[in-house]
Amino acid sequence: MSELLQDPFVQSSVLPLLVGVILVGILHLLRRSLAAAGIAAGFLVVFALVIGLPALPPPSSMGKLFWASAAGLLLGVAADVVGVRGRVASAVLAVWLAASLLWIALPALDSAAAVVTLIILLGTAVWVAFARGSDESASPMAPASSLLALALAVGGTALIGSSASIAQMALALAASAGGFLLWNWPVERHGWGLSGQAATGIAVLLAAVLALFTQTQAAVLLLALPALLAGCARRFLPQGNGRIGRALSAAAVTVVAVLPALVAIGAAFALTGGEASPY
Amino acid sequence: MKKTLFAAALFAATAVGAVAPAFAAPVNYKIDPAHTAVAFIVNHVGFSNVIGRFNTVGGDVTFDKDAVEKSVVTVTIDTTSVDTNHAKRDEHLRSPDFFNAKEFPKMTFKSTKIEKTGDKTGKLFGDLTLLGVTKPVVLDVTFNKDGVSPASKLETAGFSARGTVKRTEFGMKYGAPAIGDDIQLLIEVEAVKS
């Protein structure tokens with residue numbers, strides 16, 4: 001069993017999927033409106049299991065990623081419990097995400113390219129925070145699919161770019177989002193709320209560590225950004241009738257969201273000459 | 001680190017009368033990068049041992065022959081210069097998984113103590129700082145030779161050092177223990193009087 005848990009594939013797929021399913025299930029029983037918090041919680045649990053609990057204050061970007069993510073989770077849960085919504089919730093999320101990005105990026109801002117990268121990341125953070133309201137009653141399928149796609153893109157790109165820890169954690173976030181999606185497929189049971197948006201913010205933080213602290217071709221992640229438009233794409237997809245029809249419609253949203261991520265991963269693969277960590 | 005070993009070697013040599021001028025003053029030496037190598041060996045999943053090196057190493061030694069224990073050695077290694085003869089692996093080694101070279105571009109060593117163990121051997125104690133974590137390390141050092149180099153015409157001394165460090169103690173936990181925790185160090189140094 002312990003050997004199985006040491007397997008990188010298990011650590012970045014089966015383990016976070018199971019943890020995500022379990023944590024979302026527990027929150028479903030305790031307080032249904034907080035179920036989306038299970039995604040970020042699952043990510044943090046897997047991070048602690050696989051990489052270890054980082055020191056405080058964290059000496060490195062990966063440690064900052066963990067604690068910034070934990071802060072985002074707490075913020076999201078608190079906001080959802082209190083009932084903060086709309087523009088105020090988005091502003092709170094934006095402040096957390098921007099502050100986290102600056103905290104993580106500061107040691108790496110040694111070139112114009114790094115500053116431009118940070119500006120792009122901040123722009124993405126604003127998009128994540130404001131593009132969709134935090135109304136917890138809103139359908140979670142599209143934003144959860146966007147999160148899954150973004151995390152998948154970061155994970156795939158990191159894997160190709162020889163940054164295994166970031167790859168594992170990004171894929172763990174994707175798998176945790178997958179656990180949440182399973183709970184909401186074919187019937188959508190939960191809201192998304194600020195807890196869910198905070199989980200999407202974690203994907204942006206992972207992208208920041210990848211782009212600023214490794215030699216990975218992280219620019220390809222721009223190709224994955226259309227995944228954030230999954231909610232818009234849903235309006236153009238045929239809405240099925242009946243249980244099977246709704247299940248297919250929901251699955252179609254996820255597939256559409258994941259397509260840009262696959263394009264980004266393909267571009268990363270092509271730019272490295274097709275050599276995916278062969279050592 | 002290497003210069004500390006050098007200091008230890010000179011200490012040993014002094015003890016046996018190889019170089020023992022009375023009332024010698026502290027002398028400054030500088031590591032010669034052209035004739036210095038810091039290499040490491042790490043086990044790879046039990047199949048083999050990967051050999052790598054750091055291509056950029058610098059440092060200074062202030063060596064006092066009258067009071068070797070007061071000698072001071074500082075060595076700085078550029079972690080971005082890690083080289084295992086495989087570009088993708090080196091990229092991975094520079095990533096946050098291992099040396100996190102963007103955040104921690106330097107690895108430093110500062111000697112704390114030298115103990116003689118033989119005519120030309122000694123133990124070098126010092127503090128190694130890697131990934132922002134400082135831990136004590138001990139190296140076995142052998143003094144090889146000193147004198148004027150026929151090539152450079154400069155006063156030169158050479159020594160070898162061997163030792164082992166546990167990378168996880170410095171927070172470099174990725175892949176351990178499948179990718180070995182014990183890192184063998186092989187150090188060959190020439191230093192010239194500055």
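Here is a friendly conversation about a predicted model of a complex, with a few questions on chains A and B.

Biologist: Before I look at details, what ipTM does the predictor give the complex?

Modeller: This is a predicted model, and the predictor supplies two scores for the complex as a whole. The pTM is 0.85, and the ipTM is 0.80.

Biologist: Turning to chain B, in which helix is confidence lowest?

Modeller: Chain B averages a pLDDT of 85, and 86% of its residues score at least 70. Confidence in chain B is highest in strand E6 (residues 82–83), at 98. At the other end, with a mean of 45, is helix H1 (residues 2–15) of chain B.

Biologist: Over which residues of chain B is the pLDDT below 50, then?

Modeller: That stretch still has 85 contacts in the model beyond near neighbours in sequence. Where pLDDT is low, though, the predicted coordinates should not be read in detail. The stretch is residues 1–22 of chain B.

Biologist: How many strands are there in chain B?

Modeller: Read along the sequence, chain B follows the pattern α-β-β-β-β-β-β-α-β-β-β-β-β. That pattern goes with two helices, and the number of strands is eleven.

Biologist: What percentage of the residues of chain B count as buried?

Modeller: Among contacts in chain B between residues at least 6 apart in sequence, 62% join residues at least 24 apart. As for burial, chain B has 194 residues, and the share that counts as buried is 38%.

Biologist: On the side of chain B that touches chain A, how many residues are charged?

Modeller: In the model, 16 residues of chain B are in contact with 19 residues of chain A. Those on the chain B side include three nonpolar and five polar residues, and the number of charged ones is eight.

Biologist: I'm curious about strand E5 of chain B; which residues make up its covered face?

Modeller: Strand E5(B) covers residues 72–78, and its uncovered face holds Val72(B), Thr74(B), Thr76(B) and Asp78(B). The covered face is made up of Val73(B), Val75(B) and Ile77(B).

Biologist: Which residue of E7(B) stands opposite Val75(B)?

Modeller: E5(B) pairs with strand E4 (residues 57–63) of chain B in the antiparallel sense over six bridges, and there Gly59(B) stands opposite Val75(B). Five bridges also join E5(B) to strand E7 (residues 106–116) of chain B, again running antiparallel. In E7(B), the residue opposite Val75(B) is Phe109(B).

Biologist: Over in chain A, is Ala129(A) buried or exposed?

Modeller: Ala129(A) sits in helix H6 (residues 112–130) of chain A. Not counting residues up to four places away in sequence, Ala129(A) touches Ser90(A), Leu93(A), Ala94(A), Leu97(A) and Gln197(A). The cut-off for burial is 20 or more other C-beta atoms within 10 Å. Ala129(A) has 26 of them, so it is buried.

Biologist: How far apart are the end C-alpha atoms of H6(A)?

Modeller: H6(A) has 19 residues, and at 1.5 Å a residue the helix should span 27 Å. The model agrees with this, because the end C-alpha atoms are apart by 27 Å.

Biologist: What arc do the buried residues of H6(A) cover around the axis?

Modeller: The buried residues are Thr117(A), Leu118(A), Leu121(A), Thr124(A), Ala125(A), Val128(A) and Ala129(A). Their arc puts them on the same side of H6(A), and they pack against helix H5 (86–105) and helix H9 (193–213) of chain A. The face turned away carries the exposed residues Ala112(A), Val116(A), Ile119(A) and Gly123(A).

Notes. Residues numbered from 1 in each chain as written. Chains lettered and ligands numbered in written order. Predicted model: local features only at pLDDT ≥ 70, side-chain atom pairs only at ≥ 80, totals over all residues. pLDDT = per-residue confidence, 0-100. Helix = DSSP H or I, 4+ residues; strand = E, 2+ residues; numbered from the N terminus. Contact = placed C-beta atoms within 7 Å. Nonpolar A, V, L, I, M, F, W, Y, C, P; charged D, E, K, R; others polar. Buried ≥ 20, exposed ≤ 12 C-beta atoms within 10 Å, placed from the backbone. Expected span 1.5 Å × (residues − 1). Arc of directions from axis to C-beta. Pairing = 2+ DSSP bridges.
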